[in-house]
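Me: I have a model open and some labels to check. Can we go through them one at a time?

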Amino acid sequence: MRYNEELAYRVSELLSHLTDVEEKEMFSGLVFMVNGKMCVGVSKNELMVRINPASFDEIADIDGWRQMVMGKKPMKSYIQVAEDVLVKNEDLKFWIDLALAFNPLAKASKKKK
């Protein structure tokens with residue numbers, strides 16, 4: 001399985017009110033770009049969320065998430081949230097809202113020429 005299509009659909013629905021959302025297949029999953037910036041994604045059965053690193057302390061007591069690691073390197077602004085804590089739409093919305101709050105502050109990737 002590449003990614004959980006039901007979870008991706010739920011994410012898409014929660015982002016449907018926004019005007020600048022683009023879906024891209026990458027990282028063996030589906031990434032949702034908001035305003036040209038990576039915001040959230042679905043990889044296998046997990047939600048990838050780009051949040052303000054300063055928020056890590058705020059969510060420290062919440063179960064079901066971990067900092068994203070690529071190779072052996074922790075990714076500064078990215079976390080992964082387990083599917084089993086995303087059963088309710090209000091729980092999924094919580095993580096998406098964190099990503100959307102950080103999106104205006106996040107840097108956009110450099111465009112490849």
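Me: Why is Asn4 called buried?

Reply: Keep in mind that this is a predicted model. Asn4 has a relative accessible area of 11%. Buried means under 20%. The value falls under that cut-off, so Asn4 is buried.

Me: Where does Asn4 lie?

Reply: Asn4 sits in the segment before helix α1 (5-15).

Me: What makes the link between the side chains of Asn4 and Glu83 a polar contact?

Reply: The distance is 2.6 Å. A polar contact needs a pair of N or O atoms within 3.5 Å, one able to donate a hydrogen and the other to accept it.

Me: Which residues is Asn4 in contact with, leaving aside neighbours within four places in sequence?

Reply: Val42, Lys44, Asn45 and Glu83.

Me: How do you know that β3 and β4 pair?

Reply: Four bridges join β3 (residues 37-43) to β4 (residues 46-50). Pairing takes at least two bridges. Four meets that, so the strands pair. They run antiparallel. In β4, Val49 is the bridge partner of Val40.

Me: What is the strand order in the sheet?

Reply: The open sheet has six strands, ordered β1-β2-β3-β4-β6-β5, with antiparallel pairing.

Me: What makes β1 and β5 edge strands?

Reply: β1 (21-26) and β5 (65-70) each pair on one side only. From one strand to the next, the twist averages 30 degrees.

Me: Which helix packs on the sheet?

Reply: Helix α2 (residues 89-102) does, touching β2 (29-34), β3, β4, β5 and β6 (73-82). The direction of α2 makes about 25 degrees with that of β4.

Conventions: Residues numbered from 1 in each chain as written. Predicted model: local features only at pLDDT ≥ 70, side-chain atom pairs only at ≥ 80, totals over all residues. Heavy atoms only, no water. Helix = DSSP H or I, 4+ residues; strand = E, 2+ residues; numbered from the N terminus. Axes fitted to C-alpha atoms, helices over the stretch in contact; angles between N-to-C directions. Contact = heavy atoms within 4.5 Å. Buried < 20%, exposed > 50% of the residue type's maximum accessible area, 1.4 Å probe, protein only.
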